[in-house]
Amino acid sequence: MIKRKQILKIAIDSPAAAGAGTLAKAISKHYNLFYLDTGKIYRFIAYLKIKFPKKFNNKFIKSKIKSLKIKDLENNSLLSDEVGTQASIISKIKSIRKVVHSFQLNFAYNPPKKYKGSCLDGRDITYNIVPDADFKFYITANVKTRALRRYKELKKFKKKISYQEVLKSIKKRDKSDINREISPLKKTKDSLLINTTNLNKRSCFLKIKKIIDRKINI
Ligand code: C5P
């Protein structure tokens, strides 16, 4: 893989529903960066497991990832709580992480030419996927706020789910993502902490923008 030099790389890690996706999208748009929500790749694989349980093996996953287009990740079926829970289970598997790893690297270091760089968000981006990122952020919020945000999101898609169920599932996912052996969710020392509990989207965006502009002098 040929790496494009002099591109701006932003790496973000965060627990579920902390607002990282919304922020990463806004930042990417502002700085003309290619945005990749890496959770969607794990969700896509989890969806395959649910849809094709008998075919679900390494060869099958590899071939599906090989033909995976960014557009496929926009499928609303990937947003359900069931897919999210299943994603946190399959993401513990070493061979699956390996396949996803190479897919991510390509976009992080070699984004489509029209972009000035890349912005990836996930669980292991700051220390595993883009350890040399120009900016690293750990975006979080308290668990009740995150559950409420996710609950409202799921309601938009008319999902039959209660707030208590969402809270329980987010707590379970946090536990699994933080305590797993391979590539657990953690805040690295060189990541800047952004707590979105009491900040609206605009304030979070401006906070991050200020940090970036100070360094790149735009
Ligand atoms: O970000 P999202 O909630 O969509 O991610 C779904 C799941 O995928 C997470 O709970 C986590 O287990 C897994 N994931 C991961 N590494 C990433 C991104 C997501 O293990 N970089």
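1. A residue is near a molecule or strand if one of its heavy atoms lies within 4 Å of it. With that in mind, there are 14 residues around the ligand, and Arg43, Arg97, Arg173, Asp177 and Arg180 come nearest.

2. A word on the basis: this is a predicted model, in which local features need pLDDT of at least 70, side-chain atom pairs count only at pLDDT 80 or more, and totals for chains, interfaces and linings use all residues. Residues are numbered from 1 along each chain as its sequence is written, and side-chain values use heavy atoms, with hydrogens and water left out.

3. Start with the polar contacts (pairs of N or O atoms within 3.5 Å). Asp177 has a polar side-chain atom 2.6 Å from an oxygen atom of the ligand. For Arg173 the corresponding distance to a ligand oxygen is 2.7 Å, and for an N or O atom in the side chain of Arg97 it is 2.8 Å.

4. On its own the ligand has 450 Å² of accessible area (Shrake-Rupley method, 1.4 Å probe). The protein covers 94% of that area.

5. Which elements give two or more residues to the shell around the ligand? They are helices H2 (39-51), H4 (81-90) and H8 (163-179), helices being DSSP runs of H or I with at least four residues, numbered from the N terminus. H2 gives the most, with three residues.

6. Do look at H8 beside helix H7 (residues 143-156) too: their axes, lines fitted to C-alpha atoms over the stretch in contact, come within 9 Å and cross at roughly 120°, on a scale from 0 to 180 degrees between N-to-C directions. H7 is therefore oblique to H8, as angles under 35 degrees count as roughly parallel, over 145 as roughly antiparallel, 65 to 115 as roughly perpendicular and the rest as oblique.

Terms used. A polar contact is a pair of N or O atoms within 3.5 Å; within protein, one must be able to donate a hydrogen and the other to accept it, and residues adjacent in sequence count only if both atoms are side-chain atoms.
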